[in-house]
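Hi,

Here is the structure I said I would pass on to you.

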Amino acid sequence: MIRTEELLLNVGPQHPSTHGVFRIIVKLDGEVIIEATPVMGYLHRGTEKLAEDLSYTQIIPYTDRMDYVSAMTNNYVLVHAVETMMELAVPERAEYLRLVVMELQRIASHLVWWGTYLLDIGAMSPFLYAFRDRETIVNLFNELCGARLTYNYMRVGGVKWDASDAWLDKVRDFIPYMEKKLIEYDKLVSGNEIFLARIRGVGAYDAKTAIDYGLSGANLRCTGVDWDIRRAKPYSLYDRFDFDIPLGTNGDCYDRYLIRLEEIRQSLRILTQALQQFPSGGETMGKVPRVIRPPAGEVYVSIESPRGEIGCHIVSKGKQEPYRLKFRRPSFVNLQILPKLLVGETMTNLITILGGIDIVVGEVDC
Amino acid sequence: MGDRLNESLSWGNALIFTLWGVVLLILVLGFVTYAIYFERKVIGWMQHRIGPNRVGPLGLLQTVADILKLLIKEDTIPRKADRVLFILAPALAYVPAFGVLAVIPYTQNLYFADINVGLLYYVALSGITTIAIVLGGWASNNKYALLGGMRSAAQMISYEVPLVISVVGVIMVSGTMNLRSIGEQQGDWFWQWNFLPQIIGFVVFIIAAVSELNRTPFDLPEAESELVAGYHVEYSGFRFAFFMLTEYVYVYAIAALTTVLFLGGWQAPLAFLDFVPGIIWFLLKFASVVFFLIWLRATMPRIRVDQLMGLGWKVLLPLSLANVFITAVYLELFVK
């Protein structure tokens, strides 16, 4: 009598393709997964609890360390929440600067995703091409605020550092460069037969499932749901620009791939328009009280980070520190669909699907 | 050499054989050292990097330093591993890899062993390495290694078959399995070489060969991003080096075999160029095949297990059988 045994395999927390210290316990029948249990919390630093003892300006560097691939959008969601509470006006130049760095950050973040995803699929070179191009953006940020990863750039009421005209010119030069590189990316990867066979139809779900699980970002839009907060609930200056929101139809990894690449193009469009409209002078900090004390009450704001809807909920008792601070982290929410998607897939598809969701463990564990 | 093989074994002959074996070993080690350097440099350039350039002039001693590092590394064997098999596996992987090199001719007169069933010998011996890889994966007592080893077994069995059948066409055209004769029979002009008349066989052979080598896009047994390192995940130090060595020796073997079987061996591509020594042509063709393998690695994503098996059994096998059929019909109708 032949007896088969299930194989309990521990993937992570030290595994090259879990994108950080994330762990999945999978039960394998041969190479087919019959059960998957994600284990998270290895990178939990208690950001939300720590924030309760910090003033709002002091919390900003902590947000850098949540989604460390997209620190600018995290900065923004916090300062935006505080500004909404205090009804502060932000100078136009500062708002444009924020928008420019956020869109650059979106491109940089998608580049990291693109590179590492291809590395997961087994192609080595795209990773280095993506990082070469991301390096341009990181250098721009370094020039602007002196940091390459954790920028601590935005402040309640404005931004910390003003940009020189030379810096803006560099951003202008970056746009045609990146457009050219995107064509190269498509030529190298998007039509590759092996790559298409690997991701087409993998990890598919429909719009209802996506909404039930609270997915957002490319994970939601790949099913055809037209929900981008930049368009749906415009914040910052997004209502001034003309851009498309790429949508998918099949809800599989291939659609998510195409959407993210297209979002880079749309970000470049937004950047082009933003640099045309860029005010030539003006303040970068609005009139902000010396001590930031939002009035007692609650506020929830959300913005579109590269990974989806990132939200910030502040409960204030009128003190310098928040009474309670809560971040809605898109990586954490998007990850919840993983166990459902993995059942019946192979080990190889585990990596494809996990990579397709695009998590940053710093944000999952917060 | 050939004559001596037919004589009865004496101390003198044994000494000469050993000496030639050592010469071949040095040749192969030299190749592996610089193939790794070449690979790292070429991939580096393709990826906008510099590649090794610190150890020695132009980084030429980088691989030497790497091997030295592996030599002096602690040799770890997992406590629950099957000790005997664990130690045996790397050696068992390497010996056939080295053994197959004996039959490869470099020019008409430069070869180590002139065996009439050279091709059969190659195919038969190279299959043993698979067993070593499965053994290594099994003996490690590690789930990732086991998965890697099993994948390897499945992959190698699926691709050995089309690999062998794809060269049957060449054997039929040449009427011999002797690699030296196969090389000799290909014409003076490059369109007379086997790769054009045997184009189906050539393509199937290249795909199956890359798969046999476990190289991108068929590097599933060691799939870095899924199985971490696959079958050799528990190996360290010199045992690990032996697995790596085996891989590169097979690169050498497959590149040489492709050159001899399909690319005219040591023949000049155009008849009037034959004043250039044959060994130069052989090395040029050999280097191009090695470069092609490296190029693939920098370009391709990895194929999935089920797609790999599908490709092997449903596409390559029928294609190679069709090639045998077409060759047979051609020989029957036009040559006889």
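Residues 292-365 of chain A are 36% helix and 31% strand, and their end C-alpha atoms sit 28 Å apart. Helices here are DSSP runs of H or I with at least four residues, strands are E runs of at least two, and both are numbered from the N terminus. That span comes from a UniProt record: an unreviewed entry lists residues 120-290 and 292-365 of chain A under "domain: NADH-quinone oxidoreductase subunit D". UniProt positions are given in the numbering used here, feature names are shortened, and annotations may be inferred rather than shown by experiment. The other listed piece, residues 120-290 of chain A, is 56% helix and 2% strand, with its end C-alpha atoms 48 Å apart.

Before you go further: this is a predicted model, so local features need pLDDT of at least 70 and side-chain atom pairs count only at pLDDT 80 or more, while totals for chains, interfaces and linings use all residues. Residues are numbered from 1 along each chain as its sequence is written, chains are lettered from A and ligands numbered from 1 in the order in which they are written, and side-chain values use heavy atoms, leaving out hydrogens and water.

Chain A as a whole

Chain A has 15 helices and eight strands. Its radius of gyration is 21 Å, close to the 21 Å that the globule rule gives for 366 residues, so chain A is as compact as a globular protein of that length. (The radius is taken over C-alpha atoms, and the rule is 2.2 Å times the number of residues to the power 0.38.) Along the principal axes, the C-alpha atoms of chain A fill a box of roughly 80 × 45 × 35 Å.

Of the 366 residues in chain A, 60% are buried. Buried means under 20% relative accessible area, exposed means over 50%, and partly exposed is in between, using a 1.4 Å probe and protein chains only. If you take contacts (heavy atoms within 4.5 Å) in chain A between residues at least 6 apart in sequence, 72% join residues at least 24 apart.

Most residues other than glycine have a negative phi. Ser236(A) has a positive one, near 45 degrees, and lies in the loop between helix 10 (229-232) and helix 11 (253-277) of chain A. Asp358(A) is not a glycine either, yet its phi is about 65 degrees and positive. You'll find Asp358(A) in the loop between helix 14 (347-357) and helix 15 (361-365) of chain A. Is Asp358(A) buried or exposed? Asp358(A) is buried, with a relative accessible area of 5%.

Now chain B

Chain B has 13 helices and zero strands. The radius of gyration of chain B is 21 Å, close to the 20 Å from the globule rule for 336 residues, so chain B is also as compact as a globular protein of its length. The C-alpha trace of chain B spans about 65 × 50 × 50 Å along its principal axes, and 51% of its 336 residues are buried.

In an unreviewed entry, UniProt lists several stretches of chain B as "transmembrane region", including residues 84-107 and 308-331. Residues 308-331 of chain B are 100% helix and 0% strand, with end C-alpha atoms 33 Å apart. Residues 84-107 of chain B are 67% helix and 0% strand, and there the end C-alpha atoms lie 41 Å apart.

Cheers
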